[in-house]
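Reader: I would like to learn how to read the sheets, a helix and an annotated site in this model. Where do we begin?

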Amino acid sequence: MTVSSTATPLTEIEAAVAQLRVTFGTNKTKAISWRKQQLRQLYAFIRDQYPLIEAALKKDLNRNPADTQLELVILLNEVADAIEHLEEWMKPTASAPTLLTFLDTAVTRREPLGVVCIIAPFNFPVQLLLGPLIAAIAAGNCVVLKPSEMATASEALLIEWLPKILDMDAFRIIVGGVKETTRLLEVKLDHIFYTGSTSVGKIVMAAAAKQLTPVVLELGGKSPVYIHKDVDIEVAARRMCWAKTMNCGQVCIAPDYVMVHQDIVAPFAAALRKVLLEFYTEDAKKSTEYPRMINQAHTKRLVNVLDRQLALKHSELVIGGDHDVSDRYIAPTVVSNVKVSDPLMEDEIFGPLIGILSVTGEDEAIEIIQSRDRPLALYVSAKDTRVVNKILDNTISGVSVVNDYVFNMVLGDMPFGGVGSSGMGAYHGHSGFLAFTHQRGMVWRGTDFLTETVHKFMYPPFASSPFAL
Ligand code: NAD
């Protein structure tokens, strides 16, 4: 694992958090004007420094400009949405009056949590740091940011630019890898927002438990797909290839394993092959638009899974399989006739490998989904709405999309988050604001004659009270 040479000294991490506590104590970050100003600065950064962000993502992942544009438009919409709705989100809401409280002011206040931390993964190193940051600022918090050390160009860009645009009284960036993050997690924080793998999510949650720090965990897992026999095969194949090769399959909600109705396995596999050739030609390595794995270690990991899979006599390579570890390249690959106990079904793939399982129909697909951990995303392609509803009604997942992939991400007001081992808590839009907010109930009683007359019935001795039985 790469660790930046400018890693934050371990001895400075506690002091950085302490400094943010001082800022939080001044109430500066609670002012709506301050929150909006920071959000506007973020908006301007994303809009104006777009070429720098695009260049960093190109360097880290050979990300193509179209995908970066989509990512940044989503981010810009998220900031704009927060600015537009901030007053409404912050407004205390009144509780319905009761016989005992009708003279009181009874409201729920939306208050910041304090000093929160955001830990980001490598695959969308800008979006997955700045997205939660938008929510944390909107909610009025001080924030410790931990960018991914693996996406080195994006990390360098964020380290350089965030201090130029944000009020650094209220923000700190911790640079480094496991050692630095481990130290950060030992310090008392008011909330941890972690995006990354399920295995590290467990480490983060165990560390948080020691201090009873609340967490949002945005984790990974194997997101299943069911392709029914009535689909338009070409459309279904095109959408799958688009979603599976985006960012070289390094997308937390990428389709992971594909259960195809047995009647259409052969034509569907052929359609995937045809589409991948159209998208990236015979040699995807030469395509300027085909992305790369983040590093050689992750490329080797996939090569190893693929080798183990193809060593099994029953599986069939439909297309791909080529790789060049030194170039972090692995071809878009389709393997047919995968079984549930095969290597491709072990861990989250997080790369451009599509494993096809032949199933007898939606019932078998449901059985397979139910037998595994609850996924982050679930995808169904079918014309028959009964099939779609049956799958949705009999499974649990963080999010779901029908007849396509990842489109939930473009809806700013749709909560995004996992369930079970794919995570806990949600964000985006108002959900993000709430994730970083303490909802503080407040009852304010008067001391006037009328209020006290009502209250007197609750004082002992109770024998004279009208409430006495
Ligand atoms: P990762 O868990 O390896 O790293 C994420 C962050 O945790 C990094 O900042 C890293 O420095 C830190 N970290 C790593 N090991 C640690 C340890 N032992 N102790 C403390 N901190 C540690 O994840 P990754 O490889 O960068 O990202 C890929 C994973 O993230 C995939 O599983 C993917 O599905 C998941 N992911 C989830 C979402 C989501 O929104 N649910 C989004 C993107 C990625």
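Author: With a sheet. Strands of a sheet pair through backbone hydrogen bonds, either parallel or antiparallel. Here an open sheet is built from seven strands in the order E10-E13-E14-E9-E8-E15-E16, and its pairing is mixed. Strands (E, at least two residues) and helices (H or I, at least four) are DSSP runs numbered from the N terminus, and two strands pair if DSSP finds at least two bridges between them. The model is predicted: local features need pLDDT of at least 70, side-chain atom pairs count only at pLDDT 80 or more, and totals for chains, interfaces and linings use all residues. Residues are numbered from 1 along each chain as its sequence is written.

Reader: Which strands stand at the edges of the seven-stranded sheet?

Author: Strand E10 (316–319) and strand E16 (399–402); each has a single partner strand, so one side of each is left without a neighbour in the sheet. From one strand to the next, the twist averages 25 degrees. Angles run from 0 to 180 degrees between N-to-C directions, with axes fitted to C-alpha atoms, for helices over the stretch in contact.

Reader: In which sense do E8 and E9 pair?

Author: Strand E8 (residues 223–227) and strand E9 (residues 255–261) are parallel, over five bridges. Ile227 has Val260 in E9 as its bridge partner. Helix H12 (residues 362–370) packs on this sheet, where H12 touches E8, E9, strand E14 (353–359) and strand E15 (377–381), and its direction makes about 175 degrees with that of E8. Contact requires C-beta atoms, placed from the backbone, within 7 Å.

Reader: What is the order of the six-stranded open sheet?

Author: The order is E5-E4-E3-E6-E7-E17, again with mixed pairing. Strand E5 (171–173) and strand E17 (423–424) are the edge strands, each pairing on one side only. E7 and E17 run antiparallel, joined by two bridges.

Reader: Where does UniProt place the feature "active site"?

Author: The UniProt record, an unreviewed entry, places this feature at Glu218; such annotations may be inferred rather than shown by experiment, and positions follow the numbering used here, with feature names shortened. Glu218 lies in strand E7 (residues 215–218) and stands opposite Gly423 in E17.

Reader: Why does Glu218 count as buried?

Author: Because Glu218 has 27 C-beta neighbours inside 10 Å. Buried means 20 or more other C-beta atoms within 10 Å, exposed 12 or fewer, and partly exposed in between. Not counting residues up to four places away in sequence, Glu218 touches Tyr194, Thr195, Gly417, Gly418 and Gly423.

Reader: Which strands does H5 lie across?

Author: H5 lies across strand E3 (115–119), strand E4 (142–146) and strand E6 (191–195), at about 160 degrees to E3. Twelve of its twelve residues are buried.

Notes: Contact = placed C-beta atoms within 7 Å.
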